[in-house]
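User: I have a structure to go through. Can you walk me through it, piece by piece?

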Amino acid sequence: MDVGAAAALGAGLAAGIAAAGAGIGIGLVAGRTVEGIARQPEAKGSLQVTMFIAIGLIEAMPVIAIVIAFILIGIAG
């Protein structure tokens, strides 16, 4: 296997695993937020703000993985 093929395989795996991890993380955060709102409806506003900040930070992970994958393909290609 040449370097370019290995870089493409590694880039695809990195992007896929990062996307799967982000999906799981967002599901957990959203589920726990719904549980919190169900327990204390008056805290809905602050819980939603915190949830959106957390989801934004979680979504940064796959974006960074994609950028690193493109860099990896660019260097090896």
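Analyst: Here is a run through the fold, the two helices and a few residues. Keep in mind that this is a predicted model.

User: Fine. How many helices and strands are in the chain?

Analyst: Two helices and zero strands. Helix α1 covers residues 3–39. Helix α2 covers 44–76.

User: What box do the C-alpha atoms fill?

Analyst: Roughly 60 × 15 × 5 Å, taken along the principal axes. The radius of gyration is 18 Å, whereas a compact globule of 77 residues would be near 11 Å.

User: What share of the contacts comes from residues 24 or more positions apart?

Analyst: 75%, counting contacts in the chain with a separation of 6 or more.

User: Now the helices. What does α1 span, end to end?

Analyst: α1 has 37 residues and reaches 54 Å from its first C-alpha to its last. That is close to the 54 Å expected at 1.5 Å a residue.

User: And what about α2, with its 33 residues?

Analyst: Its end C-alpha atoms are 48 Å apart. The span agrees, because 33 residues at 1.5 Å a residue should also give 48 Å.

User: Which residues of α1 are buried?

Analyst: A7, A11, A15, A18, A22, G25 and T33. They pack against α2.

User: Which ones are buried in α2?

Analyst: M51, I55, I58, P62, A65 and A69. These pack against α1 in turn.

User: What fraction of the chain is buried overall?

Analyst: Buried residues make up 18% of the 77 residues.

User: Let me pick on T33. Why does T33 count as buried?

Analyst: T33 has 9% relative accessibility, and the cut-off for buried is under 20%, so it counts as buried.

User: What does T33 touch?

Analyst: L47 and M51, leaving out residues up to four places away in sequence. M51 is one of the buried residues of α2. T33 itself sits in α1.

User: Which residues make the nonpolar surface patch?

Analyst: M1, L9, L13 and I17. The patch is about 490 Å².

User: Over to α2. Is F70 buried or exposed?

Analyst: Exposed, because its relative accessibility is 59%. F70 is in helix α2.

User: How far apart are F70 and G12?

Analyst: 58 residues apart in sequence, but 9.8 Å apart in space, C-alpha to C-alpha.

User: And L57, buried or exposed?

Analyst: L57 counts as exposed, because it has 62% relative accessibility. L57 is also in α2.

User: How far is L57 from V67?

Analyst: They are 10 residues apart in sequence and 16 Å apart in space, C-alpha to C-alpha.

User: Give me the recap.

Analyst: The chain has two helices and zero strands. The buried residues of α1 pack against α2, and those of α2 pack against α1. The nonpolar patch includes L9 and L13. F70 and L57 are exposed. And the model is predicted.

How values were computed
Residues are numbered from 1 along each chain as its sequence is written. This is a predicted model: local features need pLDDT of at least 70, side-chain atom pairs count only at pLDDT 80 or more; totals for chains, interfaces and linings use all residues. Side-chain values use heavy atoms; hydrogens and water are left out. Patches are made of residues with over 30% relative accessible area and no salt bridge: like charges are joined within 9 Å, nonpolar side chains (Val, Leu, Ile, Met, Phe, Trp, Tyr) within 5 Å. Accessible areas come from the Shrake-Rupley method with a 1.4 Å probe; for residues, only the protein chains shown count as cover. A salt bridge is a side-chain nitrogen of Lys or Arg within 4 Å of a carboxyl oxygen of Asp or Glu. Helices (H or I, at least four residues) and strands (E, at least two) are DSSP runs, numbered from the N terminus. The radius of gyration is taken over C-alpha atoms; the globule rule is 2.2 Å times the number of residues to the power 0.38. Buried means under 20% relative accessible area, exposed over 50%, partly exposed in between (1.4 Å probe, protein chains only). Contact means heavy atoms within 4.5 Å. The expected span of a helix is 1.5 Å times one less than its number of residues.
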